[in-house]
2 protein chains.
Amino acid sequence: MRETWVVGAASTRYGKLGESAREAATRVALEAIRDAGLGPKDVGHTFVANCFGLTEHQGHLGPLVNNGLGVPEVPSVSVESACSSSSAALHEAFVHVAGGFEDVALVVGVERLGHLDTLAATGYFAYAADYPFEARNGATFPGLYATLANAYRAEYRTTPEMLGAVAVKNHANAARNPKAHFQKEISMETYLGSPVVAAPLRLYDCCPFSDGASAVVVAAREAIRAPPNEPLVVRASVRAGAVTALQDRRDLVGLPSSRLAAEKAFRQAKLTPAQIDFLEVHDCFTIAELMALEDLGFYPRGTAGRAALDGATARDGKLPVNPSGGLKAKGHPVSATGAGQVVEIFEQFNGRAGKRAVPRTGTALAHNVGATGGSCSIHIFARR
Amino acid sequence: MRETWVVGAASTRYGKLGESAREAATRVALEAIRDAGLGPKDVGHTFVANCFGLTEHQGHLGPLVNNGLGVPEVPSVSVESACSSSSAALHEAFVHVAGGFEDVALVVGVERLGHLDTLAATGYFAYAADYPFEARNGATFPGLYATLANAYRAEYRTTPEMLGAVAVKNHANAARNPKAHFQKEISMETYLGSPVVAAPLRLYDCCPFSDGASAVVVAAREAIRAPPNEPLVVRASVRAGAVTALQDRRDLVGLPSSRLAAEKAFRQAKLTPAQIDFLEVHDCFTIAELMALEDLGFYPRGTAGRAALDGATARDGKLPVNPSGGLKAKGHPVSATGAGQVVEIFEQFNGRAGKRAVPRTGTALAHNVGATGGSCSIHIFARR
């Protein structure tokens with residue numbers, strides 16, 4: 001297996017795109033390629049994630065991105081896995097490059113949902129659940145994650161302030177991220193006063209529907225002479241699955257696919273959680289961040305809420321979590337989210353994170369979940 | 001790169017599925033795994049293609065298939081590329097296995113469109129084109145392929161009987177295929193009397209909308225002790241792209257992605273067209289079969305129509321083409337089609353093709369196109 005690097009990265013601002021998915025995807029793809037000091041002709045394969053392209057009447061987006069880059073002959077494929085689509089695409093790119101099939105591969109994730117109303121978007125999102133057993137019976141994601149939150153609360157003392165601390169922290173981080181959807185801080189009072197969406201989850205527990213596109217360039221170490229940026233060495237790229245429908249799971253505390261992927265990732269990276277400097281985790285709802293920190297082995301079960309309250313996961317805390325603002329406040333353009341996490345890690349490693357820079361950037365982990373954990377991708381990165 | 005085999009294969013009958021995509025996909029997946037002499041727990045990764053899942057309100061199909069197989073923990077990803085989706089998925093599976101990332105991988109393609117009316121289905125298909133420039137202006141696939149047919153006719157003498165010969169042959173093959181959508185022969189008179197859909201293409205030039213699911217199991221040679229069937233050795237697995245919109249191409253005779261993929265495939269396989277015993281090619285319209293035979297190097301430009309008329313591509317001809325009946329008559333369940341071509345080659349290699357058996361089965365090529373050639377996959381198989 002060849003040593004594989006992330007050598008370039010770019011994102012649109014998350015929020016509302018004033019252009020089509022193809023335009024946004026092409027634009028960030030070109031930006032990421034240039035960031036890597038390369039040109040489109042250096043790219044051997046492109047991997048494009050765009051779950052909800054049908055809402056723009058556009059499938060088969062990959063060739064259009066390649067057309068826009070001026071390299072129509074380059075093969076492209078759509079790689080998707082619900083909210084973990086572009087981390088799944090990154091995994092495919094990693095396999096191609098590490099396996100010696102390509103020297104340079106491009107991953108671009110894009111989603112545009114701003115042209116839909118909230119109910120329609122919630123409905124489309126729910127297609128990622130086990131539709132006939134969950135969504136068709138009214139269980140959309142706020143309700144499903146509320147179920148997970150309630151199972152967690154039934155087992156471990158969880159105050160509203162513990163969930164609120166995640167929201168307050170991630171908004172504070174996003175306020176320092178010019179690419180974030182919500183660039184404003186919120187107070188605990190604002191959090192506690194926000195309306196309940198699906199008990200115990202309030203408005204500020206939930207990530208927004210965002211538009212956005214993010215791209216990263218993956219290359220074999222041996223193919224890159226002088227990288228213009230500090231590359232991320234891919235120390236682990238793994239995926240795992242789990243029973244999709246919550247009703248079919250024995251244990252609703254945490255996500256089994258996160259636990260399995262974490263085991264595989266730390267084994268592949270030959271690292272332990274204690275050796276990771278900061279994280280981007282999948283906080284589609286605040287409870288998801290707490291579950292992730294426990295599933296990934298950073299905190300014992302039932303203790304991540306306390307850590308959030310104590311500021312341990314703040315930007316300047318012991319273990320910074322979601323310095324980008326996370327899905328919660330940076331935003332969640334479904335198919336762009338996984339690549340966007342890696343863009344954030346790339347910015348942090350390269351001193352481009354400005355006011356949201358974390359203290360230590362020797363290693364980082366990105367954790368991206370599909371739906372309620374039917375899929376999970378984990379990537380671990382380190383410096384050369 | 002490890003020697004990689006196709007070791008098991010299964011298909012539903014193409015036509016109308018009396019079950020959901022998840023059920024059909026799971027059923028053929030299990031059948032293909034058992035055909036390989038394996039169990040679900042032997043599979044390290046699943047690759048699922050299902051472009052139009054949103055019409056069933058179901059995205060994120062992979063984990064559901066794995067749930068149904070009893071291996072929810074196994075990673076799964078959606079891999080799509082319009083009508084070449086499951087051949088693209090096969091390419092990903094090949095890269096995983098040949099690259100040493102998995103020993104055994106499952107590819108399953110499924111589509112269910114029978115619950116839509118023809119206009120709706122035509123509309124969804126058109127999302128694979130360059131939507132704002134083609135489909136939105138009324139250019140759906142029958143019109144786009146008619147444009148290609150007219151460009152071909154403008155350059156080379158092409159009688160209606162030359163296109164008709166493709167239809168008559170593929171119906172004759174499908175009539176011997178119990179899994180085919182149309183199990184009836186047609187005469188040249190029937191062909192010539194059928195209504196014009198988009199001149200010069202008549203009803204019998206066009207493939208049907210089909211439901212169906214097809215699965216193949218891919219494994220490293222070193223992981224399989226005693227294969228119960230004769231495996232297909234993957235001698236080439238390649239993909240290529242091309243400018244999507246016809247208006248942006250300089251040359252409308254043939255598909256540039258087919259030509260590029262063929263060059264790459266024959267180089268990778270270290271074989272020439274003369275060494276291939278039979279083919280499954282992408283005949284979504286009869287003209288596409290003629291273009292494919294020329295793009296792939298089996299016939300000089302402008303001569304494949306004559307060959308079809310002369311019976312050279314018949315089941316018992318010099319070079320059997322589409323013994324399954326092809327997309328034209330076996331059917332075209334979009335995301336299942338590429339895997340279905342490989343199922344046919346597997347059946348032929350293993351003496352399971354019954355009355356449609358071709359004379360020589362030492363080597364075979366599968367050619368699968370996305371849209372009007374924005375993508376193309378080619379696989380070349382040989383015996384051990």
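Predicted model: local features only at pLDDT ≥ 70, side-chain atom pairs only at ≥ 80, totals over all residues.

Student: Which residue is the bridge partner of Val79(A) in E3(B)?
Tutor: The bridge partner of Val79(A) in E3(B) is Val79(B). Residues are numbered from 1 along each chain as its sequence is written, and chains are lettered from A and ligands numbered from 1 in the order in which they are written.

Student: In which sense do E3(A) and E3(B) pair?
Tutor: They pair in the antiparallel sense, over three bridges; pairing requires at least two bridges found by DSSP.

Student: How many residues of chain B are in contact with chain A?
Tutor: There are 45 residues of chain B in contact with 45 residues of chain A, a contact being two C-beta atoms, placed from the backbone, within 7 Å. On the side of chain B that touches chain A, the elements giving two or more residues are helix H2 (61–69), strand E3 (76–80), helix H3 (85–98) and E8 of chain B. That side has 22 nonpolar, 18 polar and five charged residues. Here Ala, Val, Leu, Ile, Met, Phe, Trp, Tyr, Cys and Pro count as nonpolar, Asp, Glu, Lys and Arg as charged, and the others, Gly among them, as polar.

Student: What rotation superposes chain B on chain A?
Tutor: A rotation of 180° with 0.0 Å of shift along its axis does so, with an RMSD of 0.0 Å, by least squares on the C-alpha atoms of residues with pLDDT of at least 70 in both copies. That is the relation of a two-fold axis. The same surface serves both copies, since 100% of the contact residues of chain B recur in chain A.

Student: New topic: is helix H2 of chain A largely enclosed or largely open?
Tutor: H2(A) is largely enclosed by the rest of the structure, because eight of its nine residues are buried. A residue is buried if 20 or more other C-beta atoms lie within 10 Å of its own, exposed if 12 or fewer, and partly exposed in between, with C-beta atoms placed from the backbone.

Student: What covers those buried residues of H2(A)?
Tutor: The cover includes H1, E2, E3 and E4 of chain A, together with E8 and E11 of chain B.

Student: And where is Gly70(A)?
Tutor: Gly70(A) is in the loop between H2 and E3 of chain A, just after H2(A), and takes a positive phi of about 85°. Gly70(A) counts as exposed because it has 12 C-beta neighbours inside 10 Å.

Student: How many residues of helix H9 of chain A are buried?
Tutor: Ten of its ten residues are buried. What covers H9(A) includes H5, H6, H8, H10, H11 and E10 of chain A. Gly297(A), with a positive phi near 90°, follows H9(A).

Student: Finally, how many helices and strands has chain A?
Tutor: Chain A has twelve helices and eleven strands. Its C-alpha trace spans about 55 × 45 × 40 Å along its principal axes. Buried residues make up 65% of its 384 residues.

Terms used
Helix = DSSP H or I, 4+ residues; strand = E, 2+ residues; numbered from the N terminus.
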